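Hello,

Here is the structure I promised to hand over. Please look through it first; my notes follow below.

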Amino acid sequence: MTRVLVVDDEPGLRQSLGLLLADAGYDVAAEGNGTRALERALAESFDLVLCDVRMPETDGLAFLRAYKGRGGTALVIMMSAYGGEEAALAAMKEGAYDYVPKPFRPDEVVLTLRKAEERERLTHTIATLRAQLDSSPAARALIAESPAMRQALEVVARVAGHPTTVLITGERGTGKEVIAQAIHRASPRATGPFVAVNCAAIPDTLLESELFGYVKGAFTGAAADRPGLFEQADGGTLLLDEVGELPLALQAKLLRVLQENEIRRVGDQKTRRVDVRLLAATAKDLAAEAVAGRFRHDLFDRLNVVAIHLRPLSERRADIAPLAGHFAARLAGRLGRRVVLSEAALAWLGEQSWPGNVRSLEHAIERAAVLSDKEILEPADFRKEPLPAPRSLGGGRGAGSRERHAP
Ligand SMILES: Nc1ncnc2c1ncn2[C@@H]1O[C@H](COP(=O)(O)OP(=O)(O)OP(=O)(O)O)[C@@H](O)[C@H]1O
Ligand SMILES: [Mg+2]
């Protein structure tokens with residue numbers, strides 16, 4: 001239910017507005033003075049504030065300034081009596097959403113609120129569409145200017161058409177998932193699903209049922225049959241990310257699946273055929289893991305039919321400027337304003353060591369653009385102290401254990 005706070009020093013008006021808006025289906029609260037209204041508006045969550053311009057003590061404009069200044073997010077609509085239009089217009093300049101002249105007809109107020117809600121909904125829809133556009137092919141463009149990346153793309157082009165397994169290796173943030181998606185999109189399976197699973201993000205005990213699914217009653221809590229990720233990726237591509245984290249027992253099962261193209265749901269008697277192209281990615285040295293006994297040699301050989309190694313960004317500096325430009329352009333679309341890198345900024349970016357590779361370049365540009373609201377970013381904008389990262393996000397592994405991408 002939409003929550004509205006009515007702020008007016010006239011008790012009669014508070015009461016009639018309260019009844020009127022409650023009748024129209026709003027959840028209404030009211031305050032008779034700007035100071036108390038401010039505390040309440042900030043303490044509780046309102047969607048809309050309907051505020052009189054002229055009040056003793058804190059007037060409407062002061063309320064609005066303080067409310068917006070302290071981060072209030074509700075839409076504020078001003079009410080002004082005859083002669084107060086100027087103040088109402090000044091309020092609009094300061095971020096009020098709309099204003100209604102007083103005295104008003106009941107339907108006028110309700111209509112204004114409804115229009116505000118509708119506009120808000122539209123803004124939200126547009127933001128969602130933008131986000132979807134961001135994942136459109138143009139935004140997913142794969143930048144490859146350096147000889148090393150061009151070579152990697154050549155391999156992508158050559159293997160895409162065959163159902164071979166590909167092992168993609170490289171430090172964190174070098175673009176392993178981007179390469180996996182490129183293989184999928186260039187393959188005859190492009191219209192099928194692309195499913196990525198981060199083996200490191202799922203507890204060992206759940207991995208098998210995540211990958212292969214389970215049948216009802218297979219274990220406590222298995223209330224119904226559920227297909228696993230292999231079945232979800234049927235006809236498409238499955239990326240096993242951080243494949244080096246697979247426990248040995250599951251490695252054996254995975255090998256069998258690859259040999260037989262059949263999976264067995266946990267607790268099931270029968271096997272099911274699946275048609276999945278498997279890609280694997282890891283930041284670990286799997287050969288060394290195999291020597292150390294933590295990864296099966298036979299599975300390693302099976303995954304390593306074709307290998308694509310992504311070099312650290314510092315070893316392919318020719319990619320830095322085009323990547324930076326690509327991220328800036330994408331960000332501009334998202335922020336709805338120009339984001340441009342100065343020559344000096346590009347040169348500075350090109351000299352950094354980028355231990356977090358492409359991902360940290362992407363984050364650096366985002367941070368600089370958001371922190372300085374200038375259109376042209378200079379080296380100084382990148383040298384600012386980064387915001388302290390929330391501790392719970394420190395893991396560096398993708399938040400989602402798996403994602404499903406539209407084909
Ligand atoms: N060549 C590229 N062109 C465009 N964007 C890229 C490129 N390489 C990486 N990116 C972007 O950088 C970020 C990191 O890429 P990606 O997730 O593919 O890396 P990763 O190697 O899988 O990292 P991790 O090991 O942390 O999982 C993503 O946002 C991706 O879109
Ligand atoms: Mg990854």
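Which domains does the domain assignment give for the protein chain? There is domain 1 (3-133), domain 2 (147-311) and domain 3 (314-393). These bounds come from an automatic or database domain assignment. The C-alpha centres of domain 1 and domain 2 are 53 Å apart.

Some ground rules. This is a predicted model: local features need pLDDT of at least 70, side-chain atom pairs count only at pLDDT 80 or more, and totals for chains, interfaces and linings use all residues. Residues are numbered from 1 along each chain as its sequence is written, while chains are lettered from A and ligands numbered from 1 in the order in which they are written.

Now the ligand. Ligand 1 has 17 residues around it (C-beta atom, placed from the backbone, within 6 Å). Ile-143, Gly-175, Lys-176, Glu-177 and Val-358 come nearest. Domain 2 and domain 3 both give residues to this shell, so ligand 1 lies between them.

Most residues other than glycine have a negative phi, and most peptide bonds are trans. Glu-242 is not a glycine, yet has a positive phi of about 55 degrees. Glu-242 is buried (20 or more other C-beta atoms, placed from the backbone, within 10 Å of its own), with 21 of them. Trp-354 is not a glycine either, and has a positive phi of about 50 degrees. Trp-354 is buried too, with 22 other C-beta atoms within 10 Å.

One peptide bond also deserves a look. From Lys-102 to Pro-103 the bond is cis, with omega near -5 degrees.

Best wishes

Methods:
A residue is buried if 20 or more other C-beta atoms lie within 10 Å of its own, exposed if 12 or fewer, and partly exposed in between; C-beta atoms are placed from the backbone.
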